[in-house]
Amino acid sequence: MLVIGKTVFLLLLSNVFMTFAWYAHLKELNTKPWIVAVLVSWSLAFFEYLLQVPANRIGYTALSLGQLKIMQEVITLTVFVPFSLYYMKQPLKLDYLWAALCLAGAVYFVFRK
């Protein structure tokens, strides 16, 4: 269980960097040339990978590749929804619930014995 806990923690942190790298430039750098957004995003993505690669290596000792991927997607949505609501000021949509339910089904099928 310690392996899964470490994996989830590192993937959560990694996803925070990933989400900001992928989307924050839309709000913060929208008036800058695209190359500035790319360079800033790449610099954030560097920290994402510093966390994501060890997370996957640790997780792969106890989880299958499919389980790691589904875990990553659940964590991505867990990070993305608050980011979208609070940072990007996007409205809450019922579609987030449907996406979460689909992911819950994916978790069930990938993690069942």
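Helices here are DSSP runs of H or I, at least four residues long, numbered from the N terminus. Keep that in hand for the exercises below, and remember that this is a predicted model.

**Exercise 1. The salt bridge**

Task: Find out how many salt bridges a search of the whole structure gives, and work out where the partners sit in the helices.

Solution: 
- Start with the search: over the whole structure, one salt bridge turns up.
- Next, the partners. They are Glu-73 and Lys-69, with 2.7 Å between the closest N and O atoms. The cut-off to check against is a Lys or Arg side-chain nitrogen within 4 Å of an Asp or Glu carboxyl oxygen.
- Now place them. Both residues belong to helix H3, which spans residues 65-87. They are four residues apart, or about one turn of the helix.

**Exercise 2. Buried, partly exposed or exposed?**

Task: Sort Glu-73, Lys-69 and Phe-109 by relative accessible area.

Solution: 
- Set the limits: buried is under 20%, exposed is over 50%, and partly exposed is in between.
- Glu-73 comes out at 29%, so call it partly exposed.
- Lys-69 has 47% relative accessibility, so Lys-69 is partly exposed too.
- Phe-109 reaches 52%, so this one counts as exposed. You'll find Phe-109 in helix H4, residues 94-111.

**Exercise 3. The largest pocket**

Task: Describe the largest pocket by its volume and its lining.

Solution: 
- Volume goes down as about 350 Å³.
- The lining is made up of 16 residues. Nearest the centre are Glu-48, Gln-52, Asn-56, Lys-69 and Gln-72.
- Then ask which elements give two or more residues to that lining: helix H1 (2-28), helix H2 (34-59) and H3. H3 gives the most, with six residues.
- Sorted by class, the lining has seven nonpolar, six polar and three charged residues.
- A link back to the first exercise: Lys-69, one of the residues nearest the pocket centre, is also the salt-bridge partner of Glu-73.

**Exercise 4. Annotation against model**

Task: Take the "transmembrane region" annotation from UniProt and see what the chain does over residues 70-88 and 94-111.

Solution: 
- The unreviewed UniProt entry puts this label on residues 7-25, 31-50, 70-88 and 94-111.
- Over 70-88, the model is 95% helix and 0% strand, with 25 Å between the end C-alpha atoms.

Terms used: Residues numbered from 1 in each chain as written. Predicted model: local features only at pLDDT ≥ 70, side-chain atom pairs only at ≥ 80, totals over all residues. Heavy atoms only, no water. Buried < 20%, exposed > 50% of the residue type's maximum accessible area, 1.4 Å probe, protein only. 1 Å grid on protein atoms, 1.4 Å probe; cavity = no way out; pocket = protein on both sides within 12 Å on 5 of 7 lines; lining within 4 Å. Points joined across faces, edges and corners; volume = space filled by probe spheres on them. Nonpolar A, V, L, I, M, F, W, Y, C, P; charged D, E, K, R; others polar. UniProt positions renumbered as here; feature names shortened; annotations may be inferred.
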